[in-house]
Amino acid sequence: MSKRDFYEILEVSKNASAEELKKAYRKQAIRFHPDKNPGDKEAEENFKEAAEAYEILSDQAKRQRYDQYGHAGLGNGGGFGGYGGGMRMEDIFSHFGDIFGGGMDDPFSSFFGGGGRSGGRTVNRGSNLRVKVKLSLEEIAHGVEKKIKVNKYISCSSCRGTGAKSGNAYQTCSTCKGSGHVTRVTSTFIGQMQTTSTCPHCGGEGKIITDKCMDCSGNGIVKGEEVISIKIPAGVGEGMQLSMGGKGNAAARGGIAGDLLIQIEEIKHAELIRDGNNLLFNQYISIPEAALGSNAEIPGIDGKIKIKIEPGTQGGRIIRLKGKGLPSVNTYEGKGDLLVTLHVWTPKILSKEEKTLLEKLAKSENFHPNPTEKEKGFFSKMKDIFE
């Protein structure tokens, strides 16, 4: 199922400001929040959809990639769920609670527990990891699956990430009674003021470990490694960043894992030059080949390609091989072209016999330059290429 346009989801224009995006997301989140639509799966999906749209468009770098490449430029998702992982409610609550204001007096605070919280309790989040993946032009042309070994924090297998030695080795925090926050009421000259803050005793988690796991010292995470399979779509480019949700460092005590951010590095091709989705190649031909015409074989992404050089070819002529370039990361845009520039090679050193022959040809009327008006114009040449 194709994903909807993020601007359409938030009902804003493509030049919407950061403040307009924020207001639009707030409106959609209130409208579709699960607390207002209990049991409504469609509303829940709309709620997640709006959060993903805002997560991308509120980030300037991600917004630029989305505007240029669409959904494909975000790594088959690119938002919280990157690579089809799907949106998670914990992610939304953790990231965007501050949009709905702070403090218990805010009418929307019941929807979000504040940044890094879910239901009032602190939700630990693992840090993101960054890796670089080098790709050849052939891999970029067809897409590729890469397996990489990543050193990172993983969930402790002994305690299953809880940090507790056993299932009953922790208790509800006596300070906050499991809520993760404490409320204080102070008197001022204008009356009483109520403030809410993270519980200092349990750090906002709502519970205290009474017997810590020996392997992870109660953190729920240990250093380890994981082999991760990364599916890279065709058409990616140098510097593009993809995202895999939940594949970064594991979070302490069963929190939300960070993301794996994959930066693309392009390996320079030995013969072909990339220009966007087009490929460029310089083909050198001799004076006789230019005058008489010939056939040549040039490199392509999928092997050698034969081209025909017409008699009377002028230096600088460009042959366009339609669809022989690279695919766009947005598949609906199709493929680029392979543009072959023909350069007539003039020998620098001549034998006595060659010099005599050329001196004779130089006297021929046909060898006197006589370009047409069309051949004189650079822009006319460029127009011919794309017609």
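**Salt bridges: worked exercises**

The structure holds 14 salt bridges, a salt bridge being a side-chain nitrogen of Lys or Arg within 4 Å of a carboxyl oxygen of Asp or Glu. This is a predicted model, where local features need pLDDT of at least 70, side-chain atom pairs count only at pLDDT 80 or more, and totals for chains, interfaces and linings use all residues. Residues are numbered from 1 along each chain as its sequence is written, and side-chain values use heavy atoms, with hydrogens and water left out.

**Exercise 1.** Find the salt bridge partner of E45 and work out how the two sit in the chain.

*Solution.* 
- Step 1: E45 pairs with K48, and their closest N and O atoms are 4.0 Å apart.
- Step 2: both belong to helix α3 (residues 41-57); since they are 3 residues apart there, about one helical turn separates them. Helices are DSSP runs of H or I with at least four residues, strands are runs of E with at least two, and numbering starts at the N terminus.
- Step 3: E45 is partly exposed at 46% relative accessible area, while K48, at 14%, is buried. Buried means under 20%, exposed over 50%, and partly exposed in between (1.4 Å probe, protein chains only).

**Exercise 2.** Which residues are linked with R4 in a network of salt bridges?

*Solution.* 
- Look for E8 and E49: together with R4 they make up the network.
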